[in-house]
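Subject: A structure for you to look at

Hello,

Here is the structure I promised to pass on. Please open it alongside this note, and I will walk you through what turned up.

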There are 2 protein chains.
Amino acid sequence: MSYSSTVQELIDQLGKLPGIGPKSAQRIAFYLLKSPSEEAIRLAKAISEAKSRVSYCPRCFNFSEYGRECEICRDPKRDHRFVCVVEDAQDVEAIERTRQFSGRYHVMQGAFSPIDGVGVDQLRFKELLGRLNVESVEEIIIATNPNLEGEATAALIHKYLQPLDIRVTRIASGLPVGGDLEYADELTLGRAFEGRREVVEE
Amino acid sequence: MSYSSTVQELIDQLGKLPGIGPKSAQRIAFYLLKSPSEEAIRLAKAISEAKSRVSYCPRCFNFSEYGRECEICRDPKRDHRFVCVVEDAQDVEAIERTRQFSGRYHVMQGAFSPIDGVGVDQLRFKELLGRLNVESVEEIIIATNPNLEGEATAALIHKYLQPLDIRVTRIASGLPVGGDLEYADELTLGRAFEGRREVVEE
């Protein structure tokens with residue numbers, strides 16, 4: 001291997017990104033080396049600024065900047081009576097794109113999967129219950145992924161919320177089972193929102 | 001769109017990279033936001049250091065650091081009588097991996113393609129002729145890509161070098177090793193026929 005250590009380090013770091021194999025990493029590295037300095041520096045700056053500025057919203061655990069509440073939680077036009085529970089921040093984006101939901105969110109930051117070391121304590125259950133004690137929420141819409149972990153998370157949320165007098169709904173599985181909410185198209189996701197139903201005892 | 005401007009800037013910058021679509025850019029951005037700070041910062045640093053340190057070798061126009069000659073040109077063990085002409089720095093890597101060539105390189109930094117605005121002046125022709133005046137080169141091995149632009153570049157190099165008393169060769173085109181004759185395209189198979197060689201006892 002005749003790459004200089006600087007080039008090799010760049011290829012190695014790019015290769016750690018999800019979906020970037022060794023060939024893509026090399027291709028991107030050479031692209032960056034050939035591109036105008038400003039462009040590459042702008043990318044480097046975007047990464048470091050995102051890391052220094054972006055943290056989690058103290059209310060809903062979506063991404064937010066400077067430790068403040070996120071833009072959705074701060075928006076007075078959002079309907080505080082509805083809280084949509086999702087696994088990840090990407091899912092907030094996906095739902096926002098449908099323009100079907102005007103309430104607020106709660107990001108669990110994962111899905112229940114003890115085999116992967118993700119139990120109740122790793123998720124934002126406690127914080128969700130804390131919110132329900134102080135916020136006057138009328139409906140919780142569970143929009144976890146329609147796969148094994150997502151369903152388990154949904155079942156747990158339902159169990160935890162049963163003692164409280166709150167309507168709990170689950171978005172309809174218009175989504176293909178086993179799919180990933182992040183990649184659903186707006187129409188399907190919008191339909192799933194429309195078709196949400198009461199969670200009932202099985 | 002509810003991304004904060006910092007997150008959006010990160011996604012935009014990532015989306016400019018080759019082979020990275022909007023979905024991948026978003027996925028990588030969220031991955032970086034969730035990953036440990038050191039890892040993301042290390043990537044940002046790798047990019048900016050590569051841009052500040054890496055430039056072109058003044059002899060062969062491969063990438064090199066701190067404006068010095070590249071490692072291959074500086075290596076006293078490389079055979080200076082052989083110069084392999086390639087289009088891009090990636091091609092140097094590909095040939096190095098074969099461990100079949102111990103000479104030096106000349107990177108044209110592109111291929112002749114007037115329709116894309118790449119003429120003789122955009123390539124490193126002048127610098128190649130300059131080298132041949134001062135270096136005692138015995139053979140130029142043309143290893144440009146076996147496509148339209150690469151062949152045009154090869155033909156031009158051959159034309160420019162004809163007045164000089166230097167052997168000019170072209171790497172063979174033919175069936176890839178492990179390939180299937182049945183699935184080879186006509187052009188490749190034609191080349192393989194043209195380039196046929198005596199079967200000799202080994």
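Which residues of helix 3 of chain B are buried? They are B:Ala40, B:Leu43, B:Ala44, B:Ala46, B:Ile47, B:Ala50 and B:Lys51. Here, buried means under 20% relative accessible area, exposed means over 50%, and partly exposed lies in between, with a 1.4 Å probe and protein chains only.

Before going further, some notes on reading the model. This is a predicted model, in which local features need pLDDT of at least 70 and side-chain atom pairs count only at pLDDT 80 or more, while totals for chains, interfaces and linings use all residues. Residues are numbered from 1 along each chain as its sequence is written, chains are lettered from A and ligands numbered from 1 in the order in which they are written, and side-chain values use heavy atoms, with hydrogens and water left out.

Back to the helix. Helices (H or I, at least four residues) and strands (E, at least two) are DSSP runs, numbered from the N terminus. Helix 3 of chain B covers residues 37-53, which is 17 residues, and spans 24 Å from first C-alpha to last, close to the 24 Å expected at 1.5 Å a residue; that expected span is 1.5 Å times one less than the number of residues. Viewed down the axis of helix 3 of chain B, its buried residues fall within an arc of 150°, so they line one face of the helix. The arc is taken from the directions from the helix axis to the C-beta atoms. On the other side of helix 3 of chain B, B:Glu38 and B:Ser52 are exposed. The cover over the buried residues includes helix 1 (5-15), helix 2 (22-34) and helix 3 (37-53) of chain A, along with helix 2 (22-34) and strand 1 (54-56) of chain B.

Next, the charged pairs. Side chains of opposite charge can pair when their charged atoms come close. In one of them, B:Arg59 meets B:Glu135 at 2.7 Å, N to O. B:Arg59 lies in the loop between strand 1 and strand 2 (63-65) of chain B and B:Glu135 in the loop between helix 6 (125-134) and strand 5 (139-142) of chain B, so the pair ties together parts that are 76 residues apart in sequence. B:Glu135 is buried at 11% relative accessible area, whereas B:Arg59 is partly exposed at 24%. B:Glu135 also forms a salt bridge with B:Arg104, at 3.3 Å. In chain A, a network of salt bridges links A:Arg59, A:Glu69, A:Arg104, A:Arg131 and A:Glu135.

What about the cysteines? A disulfide is a pair of cysteine sulfur atoms within 2.5 Å, and the structure holds zero of them over all chains. The sulfur of A:Cys57 is 3.8 Å from the closest cysteine sulfur, that of A:Cys60, which is too far for a bond. A:Cys73 is in no disulfide either, with the sulfur of A:Cys60 the nearest, at 3.7 Å. A:Cys57 is buried at 0% relative accessibility, and A:Cys73 is buried at 5%.

Lastly, have a look at A:Thr144, in the loop between strand 5 (139-142) and helix 7 (148-161) of chain A. A:Thr144 is buried, at 0% relative accessibility, and its side chain reaches the backbone oxygen of A:Gly150 at 2.8 Å.

Enjoy exploring!

Best wishes

Technical notes. Contact = heavy atoms within 4.5 Å. Salt bridge = Lys/Arg side-chain N within 4 Å of Asp/Glu carboxyl O. Polar contact = N/O pair within 3.5 Å; in protein donor to acceptor, adjacent residues only side chain to side chain.
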